[in-house]
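I opened my notebook to look up a few things in a new structure. Here is what I wrote down, one entry at a time.

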Amino acid sequence: MAEKIKIFDTTLRDGEQVPGCQLNKEDKLIVAKALDNLGVDIIEAGFPISSPADFDSVKSIAEQTQHAIVCGLTRAIEKDIDVAAEAIKPAKRARIHTGIGTSDLHVFSKLRTTREDVLERAVAAVKYAKKYVEDVEFYAEDAGRTDNEFLARVVEEVIKVGATVINIPDTTGYCLPSHFGNKIKYLKENVTGVHKVDLSAHCHNDLGLATANAIAAVQNGATQVECTINGIGERAGNTSLEEVVMIIRQHEDLPYFTDINVQMLTEISHLVAHKMNMPVQANKAIVGSNAFAHSSGIHQDGVLKNRENYEIIDPLTVGASGSSIVLTARSGRHALNYRIDKIGVKLNKEQLEEVYQHFLVLADEISLVNDEDLKKLVADYVVTNIDS
Ligand code: KIV
Ligand code: ZN
């Protein structure tokens with residue numbers, strides 16, 4: 001039977017940390033509502049102690065979210081936990097997300113302490129958070145570069161004191177998929193009590209591997225993925241929500257599902273790009289403007305014969321407007337005729353050939369030929385009744 005993978009969205013926390021992406025309370029609420037409608041399981045609404053405005057936004061999201069769990073981030077510090085608990089209190093379902101760095105780099109050169117002290121602080125933070133909420137997620141920051149044996153010790157101890165979810169972040173985006181997948185497998189096999197919790201993959205994209213690492217984690221037993229819309233986040237970003245969801249959906253050989261309403265992916269991508277002032281790269285998987293655009297003659301001919309020749313996703317399923325046939329100097333006669341047909345003109349073979357030769361000259365000059373250019377070409381070189 002297929003297993004549900006929980007989607008933990010951190011667009012409003014890890015995504016919002018990006019310079020220039022900060023949102024005011026109203027916009028945060030708009031994005032949170034869209035995420036709730038999209039069907040995410042958890043909304044990480046912010047880092048309440050970071051500023052009064054963030055506290056306020058998290059509180060409003062907690063008050064207004066209908067379905068998702070609302071989560072607030074903290075460090076392993078009592079004051080952080082007090083403030084987060086207050087902010088998420090109005091939520092129908094609330095979660096505190098607390099944690100500490102566990103890699104030797106973080107232990108020795110960031111926290112400047114010892115492994116034993118980190119272990120104690122981790123346990124104390126989870127115990128403290130449990131005073132406020134049942135649902136406590138623990139993150140082992142830089143778990144990607146943490147020694148597996150020490151990581152397993154920390155994870156086992158925080159589970160003993162009631163952590164309900166264990167987040168394994170590849171904070172610096174260092175891991176390879178095999179490496180990250182094996183880390184999850186190691187925890188599944190070596191931590192007493194691990195079956196009681198969700199293991200969560202929180203991957204960064206410094207080497208372009210965030211999505212691959214998240215999927216490797218799922219294949220090795222992770223049941224929650226942390227991600228952001230459009231993959232926004234610190235530095236090169238986080239795992240992209242739309243990629244993980246569509247990989248799970250498109251691969252029937254993966255025995256998993258999510259509750260995401262994929263029809264809304266394009267719309268929410270546009271919303272986040274617009275609100276956060278962070279345009280989506282044209283070639284971004286699933287939601288980029290070129291994700292379903294075909295411009296070379298060979299591909300266009302294939303798509304016009306059967307969309308599946310060059311597309312593995314029907315664009316309509318993710319709410320995109322459809323496949324597009326883009327006219328450039330690499331386009332062929334089939335594509336040109338298709339687009340001319342779309343503007344309401346029927347050409348015979350000779351006429352098409354005549355227009356095609358002039359089209360190539362124009363396309364070399366202006367790069368992208370649009371409907372207005374086409375109308376003009378046809379009017380100039382073929383006698384028709386077209387309005388030019
Ligand atoms: O990347 C990371 O380690 C984080 C934690 C705070 C969860 O964002
Ligand atoms: Zn992160």
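**Entry on A379.** I looked up A379 and found a relative accessible area of 30%, so I noted this residue as partly exposed. My cut-offs: buried means under 20% relative accessible area, exposed means over 50%, and partly exposed is in between, with a 1.4 Å probe and protein chains only. A379 has its place in helix α15, residues 371-381. I noted that helices (H or I, at least four residues) and strands (E, at least two) are DSSP runs, numbered from the N terminus. A379 and V355 are 24 residues apart in sequence, and their C-alpha atoms are 9.7 Å apart in space.

**Entry on the ground rules.** This is a predicted model, where local features need pLDDT of at least 70 and side-chain atom pairs count only at pLDDT 80 or more, while totals for chains, interfaces and linings use all residues. Residues are numbered from 1 along each chain as its sequence is written, chains are lettered from A and ligands numbered from 1 in the order in which they are written, and side-chain values use heavy atoms, with hydrogens and water left out.

**Entry on the whole chain.** I found 15 helices and 12 strands in the protein chain. The C-alpha trace spans about 85 × 40 × 40 Å along its principal axes. Of the 388 residues, 53% count as buried.

**Entry on S200.** Is S200 buried or exposed? S200 counts as buried because its relative accessibility is 0%. I found S200 in strand β8, residues 198-203. From S200 to F138 I count 62 residues in sequence and 9.7 Å in space, C-alpha to C-alpha.

**Entry on ligand 1.** Which residues are around ligand 1? I listed R13, D14, H97, Y139, E141, N167, P169, T171, H202 and H204; a residue is near a molecule if one of its heavy atoms lies within 4 Å of it. By class, this shell has 2 nonpolar, 5 polar and 3 charged residues. Here Ala, Val, Leu, Ile, Met, Phe, Trp, Tyr, Cys and Pro count as nonpolar, Asp, Glu, Lys and Arg as charged, and the others, Gly among them, as polar. At least two residues of the shell come from each of α1 (11-15), β6 (136-141) and β7 (165-170).

Next I looked at side-chain N or O atoms beside oxygen atoms of ligand 1. For R13 the distance is 2.9 Å, for T171 it is 2.7 Å, and for H204 it is 3.0 Å. The protein covers 92% of the 260 Å² of accessible area that ligand 1 has on its own. Such areas come from the Shrake-Rupley method with a 1.4 Å probe.

**Entry on phi angles.** Most residues other than glycine have a negative phi, but I found two cases to write down. R235 is not a glycine, yet has a positive phi of about 50 degrees. R235 lies in the loop between β9 (224-227) and α10 (241-250), and is exposed because its relative accessible area is 51%. S367, also a residue other than glycine, has a positive phi near 75 degrees. I found S367 in the loop between α14 (349-366) and α15, partly exposed with a relative accessible area of 47%.

**Entry on S289.** Where does S289 lie? S289 is in the loop between α11 (265-275) and β11 (293-294). With a relative accessible area of 59%, S289 is exposed. S289 and T266 are 23 residues apart in sequence and 10.0 Å apart in space, C-alpha to C-alpha.

Terms used. Polar contact = N/O pair within 3.5 Å; in protein donor to acceptor, adjacent residues only side chain to side chain.
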